[in-house]
Amino acid sequence: MNETLAGWLQILALVGALALSFRPLGDYLAHVLTCPRHWRVERLVYRVGGVRGDADQPWPAYLRGLLAFSAVSVLFLYAFQRLQNHLLLSVGTKPVAPDLAFNTAASFVTNTNWQSYSGESAMGHLVQMAGLAVQNFVSAAVGIAVVAALIRGFTRKKTDRVGNFWVDLTRIVLRVLLPISFVMAIVLVAGGTIQNFHGIQSITTIAGDHQSITGGPVASQEAIKELGTNGGGFYNANSTHPFENPNPFTNWLEIYLLLVIGFSLPRTFGRMVGDNRQGYAIVAVMGLVWAASVAIVTANELHSVSSSAGHAAGGMMEGKEQRFGIWASALFAVSTTLTSCGAVNSFHDSYTPGGGGMTIFNMMLGEIAPGGTGSGLYGILILAIVTVFVAGLMVGRTPEYLGKKLGAREMKFASLYILTTPGLVLVGAGLAMALPGERAAMLNSGQHGFSEVLYAFTSAANNNGSAFAGLSANTAWYNTALGLVMILGRFLPMVFVLALSGSLARQQPVPVTAGTLPTHRPQFVGLLTGVLLIVVGLTYFPALALGPLAEGLR
Amino acid sequence: MPTAAAHRPVSKDPLPPSTHRVSGGMLDPRQLATSLPDALRKLDPRVMVRNPVMFVVEVGAVLTTLSAIKDPSVFAWVITVWLWLTVVFANLSEAVAEGRGKAQAETLRRAKTATMARRLPADWRPGATGLSEAEVAATELRLGDHVVVEAGQIIPGDGDVVEGVASVDESAITGESAPVIRESGGDRSAVTGGTKVLSDRIVVRITSKPGETFIDRMIALVEGAARQKTPNEIALNILLASLTIIFLVAVVTLQPFAIFAGAEQSIVILVALVVALIPTTIGALLSAIGIAGMDRLVQRNVLAMSGRAVEAAGDVNTLLLDKTGTITLGNRQAAEFLPVSGVPVEGLADAAQLSSLADETPEGRSIVVLAKERYALRGRTEGELAHAEFVPFTAQTRMSGVDLDTSRSLRKGAATAVMRWVREHGGHPTEEVGPIVDGISASGGTPLVVGEVTRQEGTSTARILGVIHLKDVVKQGIRERFDELRRMGIKTVMITGDNPLTAAAIAEEAGVDDFLAEATPEDKMALIKREQSGGKLVAMTGDGTNDAPALAQADVGVAMNTGTSAAKEAGNMVDLDSNPTKLIEIVEIGKQLLITRGALTTFSIANDVAKYFAIIPAMFASVYPGLHRLNIMGLHSPTSAISSAIIFNALIIIALIPLALRGVRYRPSSASSLLNRNIVLYGFGGLVLPFIGIKLIDLLVQFVPGLH
């Protein structure tokens, strides 16, 4: 089978599998988020946690719960890393340095999973399993909880209650993430991913050299790493490492897992607002952007190669794994940068300017196609609100989305949301470029070096976590700056989304008439895609021009 | 009985045809010149800061001015001058919009000249005479004071007539020169300060505080002094402000990137980039659009008490329309002649016409018209009616008619009255009449029975000839209007005091979606509340005091100027022409206002794409020559490219002022098709137009020495 055919088959199989899971998973999520009955084990969790599971909260209470939970998680994770040498299964690791521990704690709690460390050498097994992997579950659940609250803002009327954070969190972990991860971990093990508690093993290679190899509970972490769009690898090499991602099948499965919740949530949305077509429109925008991006990156990696070695290899093979090839690498790169996952199976730094630039642009879109678990959907819904606002004016009514009017208060929160991430990216990268010491961290000079810094801040602010590589980011400045950017890039938008949800929930819905802007038609899909590309494109165009564009148009 | 829908007489008073364009006054170029001083005054930063987008441009202009003074160059001065022009153009648009109101305010002020009032003592009661009057200035009048106004005097303040009847010239407010009658009691008791009594003497109870009279409010409104930002305008401002911040951040952080790339940018270029990117077009025109929207209403003689009401008008889901005057012409008209057996229809028509010749009521005239149109019966020759004696209608007889010499008498009128008249003259009305009369009543019409008495040689025969069917005449073109409203997603509800049967018939014919028959004020109120509880916005018109609660409850309440002051107080708009049909136009103006905002916002944002393609290569092609490929317009040089973008940015504001004042073209249609049209026009247009515009400007400015 030639590579092109294999590439196409992988893509088609992926689309097919996602389409098949769209309804059942989306409907199941909607059920989980709306059903009034608690499981016994959930009631036990509420009792142990000392929270009331039966009362819905107003949005400030929901937010307080979320922030308190996340703050405690950061502190816990920080302490865990600092004290890891005293813990079980530490496999000889030393305490993590304060700035790196902060960076890592922020990174995993914010679902970013930016890694300034090498997993296999810096973290003990217990930290990986009880610290990092736990955050992989709960940080993903927090994202879904926030979007659940936003959807309730649309569906409820004349109330200040947007749901119960603790119930949402617990249910999503227990009823959704744990069962799927459990099954998928087993499938991964069957596919060849390792799962053990070995320490460092020294082996002698064929050439007679010695090599240290770290084993560990990889498969269990791998499943949630993808499913929760976390992306923090057990190993430094992430999904390029053969223990994490041994073969094309596990590779395909990992791509599927990192996309599946993001692409199914629009169904949950449509289901919860009582109009499935609304969900189809959203998923159509996500799918369009994803497909276009796959096409652009794949085409660039296959054809925009300037070196003769590249031509001999049939495309840009630098930084890509032989066992995956160009098609599967490009597919992975696009999916991971469009989902805030950030796992990598190839090095984006080595991509062609077009392909690499696209991965930056993917993240700049705000992680919405389909985006991180939950965060992708609320991100695109905010953009939908902006779209409806401008388009709604053009039909001569006060704009309304799903029956809720978009007035000054709603636009305030939506505007703050779209301000936050670009602000963080540009200010962060601007500072880094203005400080001579931080510029030195670039391993490349010129446009490419700039792209590395831009990528780092884009990745952190959008909670992606993938790295362009080529940037020595494990310095006190970068660890602190990126850590702060991750925290602000995660929680500020959540504040605005929850506030928005509160102000939507208070409203009495407006009935739909012929004068209402329809938000389920291809017209709206096109409009939302346009606003998405133009708003993002306009914000980042100058920066992109100096990085990937300047490089690509040489 | 046959329905007469097909033969309905065509009304002679059709609606003004729906022009499909809520047009407003065009921009007179001279207005630009006269508004210039105002525009310059608005450069005060304390005023500018209220418009964040243009405030950023002004700060930028100050920065480039300083920079140009420090390092003078043609380029720096070109950019500086055009940045200042951008700000001035923005102010100009607002000044022009306000200027149009000012002229009208001037006229109103003249009406408000120091009037003296003849105040009656506090213990005055209606009917009391011979009390002493005090001469006080109009400004000293308080609520509840009674003043007397006689022919030739100006009414000193708003109030209700409590005694007397007078004709009043209200042209100062309405522009309508025909005097109107104002009398105590009833729904025509309200008078407005500043209007003039032409005849008779009235006593007015003052209902407004000094400085808060209708005319004061009008002046404030048309001048825009009381203008507050409307909710939607605030929301849009927030979006524009945040876009401005994003672009500011994008440009400020660009400098370190540029320095790293070895292409540090001058302050002039960075400011130019910011100004090109932030949504200046809509930022400049936003307030003019709002003022012009109010102004378009004023031009239609509608006063909106707040911009909020105008916006709400665009959102209305349900229109409550009074039947009489809005849906039907005010009066019933003859639609058909229904003879009893043995009488030819021409005979009945002839008799009906004869009996109505001297009847000057609209009903009477309509009978003559119908007879003429349907049966070609013309007026009679002089001799024919030489001895005719016309019998006018009285409330006692409830019929009118004619006695043609001594041999023939004709009467038409209420069924019971005419039948009694026939019996009195020895006739026996046939059994047929009853069912015909009942049939007409059941269908919502009014039956007029025609009777005849002929005398020959001392014997007289009396008989019933037939029945005239009078019915409400639906205004021409109203059905189409309702169809349009339905396409816009607006439901129409007809309000009438008629019985349900009548109401249903008219509702069916006019094509309204629903009706409320035998409506009491309470019913109306309940209907509004019911609609609103479903999240709908309701608009209505009203004039009577008993309409006031409903007017206040409705989201858009249009009070008729002829109405009581209670009604005018309760509503949030007043129609000076007192034409209830105008509610439909008000809705269209509200929609047009929002569409104009949305269209120009889209246009403004879409413009940015071309500006990037002009400015980014100009900034960085020197260090990264590859970026020259982004210069797809093939602009002459970096300086000419940036200048062209800024000049385009300024000129487009001036070019769009007329559109902002006039509002974009609006056709009533569904949301989807409206959107498609506007996206193509303002979205794609906004994308393409600046590419052309900037290129054309570049072709000119490249010849400016120092810009190459």
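In this predicted model, strand 5 (residues 165–169) of chain B pairs with strand 8 of chain B in the antiparallel sense, over 2 bridges. Within this pairing, B:Val168 is placed opposite B:Val197, a residue of strand 8 of chain B. Both strands belong to an open sheet of 3 strands in chain B, which has the order 6-5-8 and antiparallel pairing. Strand 6 (180–183) and strand 8 (196–197) of chain B form the edges of this sheet; each has a single partner strand, so one side of each is left without a neighbour in the sheet.

Chain B also contains an open sheet of 7 strands, in which the pairing is mixed and the order is 10-22-21-20-11-18-19. Its edge positions are taken by strand 10 (302–304) and strand 19 (514–516) of chain B, each of which pairs on one side only. On average, and with direction ignored, neighbouring strands of this sheet are turned by 20 degrees against each other. Parallel pairing is found in this sheet between strand 21 (residues 556–560) and strand 22 (residues 573–575) of chain B, which are joined over 3 bridges. Here B:Ala559 stands opposite B:Val574 of strand 22 of chain B.

Chain A is divided into two parts, domain 1 (10–269) and domain 2 (374–552), and the C-alpha centres of these domains of chain A are 23 Å apart. Domain 1 of chain A brings 41 residues to the contact, and domain 2 of chain A brings 46 residues. Between them the two domains of chain A bury about 3,600 Å², with 73% of this area given by carbon and sulfur atoms. A:Trp59, A:Trp114 and A:Phe154 together account for 22% of the area that domain 1 of chain A buries against domain 2 of chain A, more than any other three residues. As for polar interactions, the count between the two domains of chain A is 0 salt bridges, whereas 16 residue pairs are in polar contact, both residues of each pair being at pLDDT 80 or more. The side of domain 1 of chain A that touches domain 2 of chain A draws at least two residues from each of helix 3 (59–82), helix 4 (98–109), helix 6 (125–155), strand 2 (161–163) and helix 9 (248–272) of chain A. The largest share of that side, 11 residues, is supplied by helix 6 of chain A.

At the interface between the chains, 61 residues of chain B are in contact with 56 residues of chain A. The area buried between chain B and chain A is about 4,900 Å², of which 74% lies on carbon and sulfur atoms. On the side of chain B, the residues that lose the most area to chain A are B:Phe257, B:Phe260 and B:Leu675, which together make up 15% of what that side buries. Across this interface 1 salt bridge is found; in a salt bridge, the side chains of A:Lys405 and B:Asp315 meet at 3.6 Å, N to O. Polar contacts between chain B and chain A number 13 residue pairs, with both residues at pLDDT 80 or more. Helix 7 (231–252), helix 8 (254–260), helix 11 (307–315), helix 17 (478–487), helix 22 (582–620) and helix 24 (671–701) of chain B each give at least two residues to the side of chain B that touches chain A. Helix 22 of chain B gives the most to that side, with 14 residues.

How values were computed
Residues numbered from 1 in each chain as written. Chains lettered and ligands numbered in written order. Predicted model: local features only at pLDDT ≥ 70, side-chain atom pairs only at ≥ 80, totals over all residues. Heavy atoms only, no water. Pairing = 2+ DSSP bridges. Helix = DSSP H or I, 4+ residues; strand = E, 2+ residues; numbered from the N terminus. Axes fitted to C-alpha atoms, helices over the stretch in contact; angles between N-to-C directions. Domains from an automatic or database assignment. Contact = heavy atoms within 4.5 Å. Buried area = accessible area lost by both parts, 1.4 Å probe. Salt bridge = Lys/Arg side-chain N within 4 Å of Asp/Glu carboxyl O. Polar contact = N/O pair within 3.5 Å; in protein donor to acceptor, adjacent residues only side chain to side chain.
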